[in-house]
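Here are my notes on the model, as numbered points. Please read them with the structure open.

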Amino acid sequence: AKELGRNNYQLYTESMNQKVLQRLDIENSLRRAIEKEEFVLFYQPQIDIKTGKIVGFEALLRWYHPDYGLMPPMEFIPVAEDSGLIVVIGEWVLETACRQNKKWIECGLEPHLISVNLSARQFQRSNIVEVIDRIRSSTGLAPELLELEITESTAMQDLSFTIDVLNQLRKKGIRVSLDDFGTGYSSLNYLRQLPIDTLKIDKSFVQDIRANSKEEAIAKTVISLAHKLDLTVVAEGVETKEQLLFLKKEKCDKAQGYLFSKPLPAEEIEKMLRDKKCF
Ligand code: C2E
Ligand code: CA
Ligand code: CA
Ligand code: CA
């Protein structure tokens, strides 16, 4: 039994070491990823449910790791958060997304809203408003065409700080969206207090919508509540026509999901816009 115990212990530490090493490895390569131009943004269309027209895009980060290939954001964003690297990466994302959106307009395409995700660590910086405003204005993009997405859990961490920052951003004309709504502690009390423009219903609710299901009831309630609070509602993770029909019936404003399009590189989005693609 002793032997076994020791072996188990060794196995445990070995796999633990491996994890730590892999994390360090990711962290080190993350450090160089910006200068080596390994990051790229993909864009996923957001559709106006009433008209079927593309009204905006969410910018989603992609990393082509030299050894591991395409790394999903969920695998490196937590490492970037813990190491603090998310701050520079986030600034790169914001600048790239604003610049791309501005470029599409300069090419003669109709203006669209661009949504950019902000991580908790990034949002909690004391100079976040100045940083965002400086980056946005350096690209020349109109503030009304920029929307920032923060998650419920980020917003909750320090409510009075959050309210202050969001007020300042909105005073500058930048829109704010509450992401992943329904997955955290969605207290109605803080929803009432948050100065936001948009609420995104998390895909876990959208995907489980079935007639008379609890998710259907929750989605219905969230849409009507959001409208009473004068918020635009976006449903994410829309994959089927049935989900879309339900959302249309409930007067959800916008939809985003594989039913319309996966997140795509900028060139493919540009083609879509030139063809005036409608869904
Ligand atoms: P999120 O902000 O909730 O983004 C939506 C995620 O859902 C994206 O995953 C998108 O590709 C995926 N998605 C879109 N439509 C569908 C659908 O119909 N079905 C399903 N199953 N999934 C769909 P992605 O690109 O892998 O990003 C995952 C998460 O990583 C994001 O979740 C966000 O939290 C984070 N993330 C991505 N880019 C950035 C970034 O630039 N900065 C920060 N801070 N976080 C980012
Ligand atoms: Ca998002
Ligand atoms: Ca989301
Ligand atoms: Ca999510």
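1. Rings of Phe, Tyr and Trp (for Trp, the six-membered ring) count as a pair if their centres lie within 6.5 Å; planes under 30 degrees apart are stacked, over 60 edge-to-face, and the rest tilted. By this rule there are 8 aromatic pairs. One of them, W63 with F76, is edge-to-face, at 5.3 Å centre to centre and 75° between the planes.

2. The model is predicted: local features need pLDDT of at least 70, side-chain atom pairs count only at pLDDT 80 or more, and totals for chains, interfaces and linings use all residues. Side-chain values use heavy atoms, without hydrogens and water, and residues are numbered from 1 along each chain as its sequence is written.

3. Helices (H or I, at least four residues) and strands (E, at least two) are DSSP runs, numbered from the N terminus. W63 lies in strand β2 (residues 54-65) and F76 in helix α2 (residues 73-83), so their pair ties together parts 13 residues apart in sequence.

4. Buried means under 20% relative accessible area, exposed over 50%, and partly exposed in between (1.4 Å probe, protein chains only). W63 is buried at 0%, and F76 is also buried at 0%.

5. Helix α7 (residues 159-171) has 13 residues. Its buried residues are T162, I163, V165, L166 and L169. What covers them, by contact (heavy atoms within 4.5 Å), includes α4, α5, β5, α6, β6 and α8.

6. After α7 comes G173, with a positive phi near 95°.

Definitions and conventions
Chains are lettered from A and ligands numbered from 1 in the order in which they are written. The expected span of a helix is 1.5 Å times one less than its number of residues.
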